[in-house]
Amino acid sequence: MYVHVAVPVPGMDLLTYAVSAEHGLPPIGARVVVPLGSRSVTGIVAGHAATVEARPGVTVRALQRVVDREAYLPVEVIALAQWTAEYYAAGVSETLLSMLPPHGRADRPHARKLRRVVTLTDTARQTTLRSARHRSRRLQRAGLPCATSR
């Protein structure tokens, strides 16, 4: 089996990749990691194919990883992107990828749910406090307004 994948490269149409038995066929709308030149990119499955036309000197590469076991984008959105690309003579990949939510291109299954939290250690908190007090004293000596007046 083969999949047609939209990759985040301007002007590039759908690319075809082979699917191994170990990965299983990803659904249309799922994110997959595929090789592109010397790098790997995250793309969206836009279609399936049972066979592909053989071209001399061209080998079909295998997809590297299936990120989503269920569709990340609904099939209706994929169809809309394909229609839009045809109607406006744009690339399917660009049209489809422009419909992704923020962080949708990341290769983590729950990228859209990611929330980064930072916590200061006690040492960092004390260093930050000392630095703020030092800055405050310098501003006061210079006769400039400052946030704290200790």
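Is Arg-125 buried, exposed or partly exposed? At 39% relative accessibility, Arg-125 counts as partly exposed (buried means under 20% relative accessible area, exposed over 50% and partly exposed in between, with a 1.4 Å probe and protein chains only). This is a predicted model, where local features need pLDDT of at least 70, side-chain atom pairs count only at pLDDT 80 or more, and totals for chains, interfaces and linings use all residues. Residues are numbered from 1 along each chain as its sequence is written, and side-chain values use heavy atoms, leaving out hydrogens and water.

**The sheet**

- Five strands form an open sheet in the order 2-1-4-3-5, with antiparallel pairing (strands are DSSP runs of E with at least two residues, helices are runs of H or I with at least four, and both are numbered from the N terminus; two strands pair if DSSP finds at least two bridges between them).
- Strand 2 (15-18) and strand 5 (65-66) stand at the edges with a single partner strand each, so one side of each has no neighbour in the sheet.

**A closer look at strand 3**

- Strand 3 (residues 31-36) runs antiparallel to strand 5, and two bridges join them.
- Across this pairing, Val-32 stands opposite Val-66, and Val-33 stands opposite Arg-65.
- Strand 3 also runs antiparallel to strand 4 (residues 39-49), joined by six bridges, with Val-34 opposite Val-41.
- The hairpin of strand 3 and strand 4 has two residues between the strands, and Gly-37 there takes a positive phi near 65 degrees.
- In a regular strand, side chains alternate between the two faces of the sheet.
- In strand 3 both faces are covered: Arg-31, Val-33 and Pro-35 are buried on one side, and Val-32, Val-34 and Leu-36 are buried on the other.
- Six of the six residues of strand 3 are buried, so the strand is largely enclosed by the rest of the structure.

**Salt bridges**

- Side chains of opposite charge can pair when their charged atoms come close.
- The count here is two salt bridges (a side-chain nitrogen of Lys or Arg within 4 Å of a carboxyl oxygen of Asp or Glu).
- One of them joins the side chains of Arg-31 and Asp-68, at 2.8 Å from N to O.
- Arg-31 belongs to strand 3 and Asp-68 to the loop between strand 5 and helix 1, so this pair ties together parts that are 37 residues apart in sequence.
- Arg-31 is buried, with a relative accessible area of 0%, and Asp-68 also counts as buried, at 8%.
- Asp-122 forms a salt bridge with Arg-125, and their closest N and O atoms are 2.7 Å apart.
- Those two residues are three apart in helix 3 (residues 122-141), and are therefore separated by about one helical turn.
- Asp-122 is exposed, with a relative accessible area of 53%.

**The largest pocket**

- The largest pocket has a volume of about 370 Å³ (on a 1 Å grid over the protein atoms alone, a pocket is an open set of points with protein on both sides within 12 Å along at least five of seven lines, and lining residues have an atom within 4 Å of a point; points are joined across faces, edges and corners, and the volume is the space filled by probe spheres set on them).
- Its lining includes Leu-15, Thr-16, Tyr-17, Pro-35 and Arg-61.
- Strand 2 gives the most to this lining, with three residues.

Technical notes: 1 Å grid on protein atoms, 1.4 Å probe; cavity = no way out; pocket = protein on both sides within 12 Å on 5 of 7 lines; lining within 4 Å.
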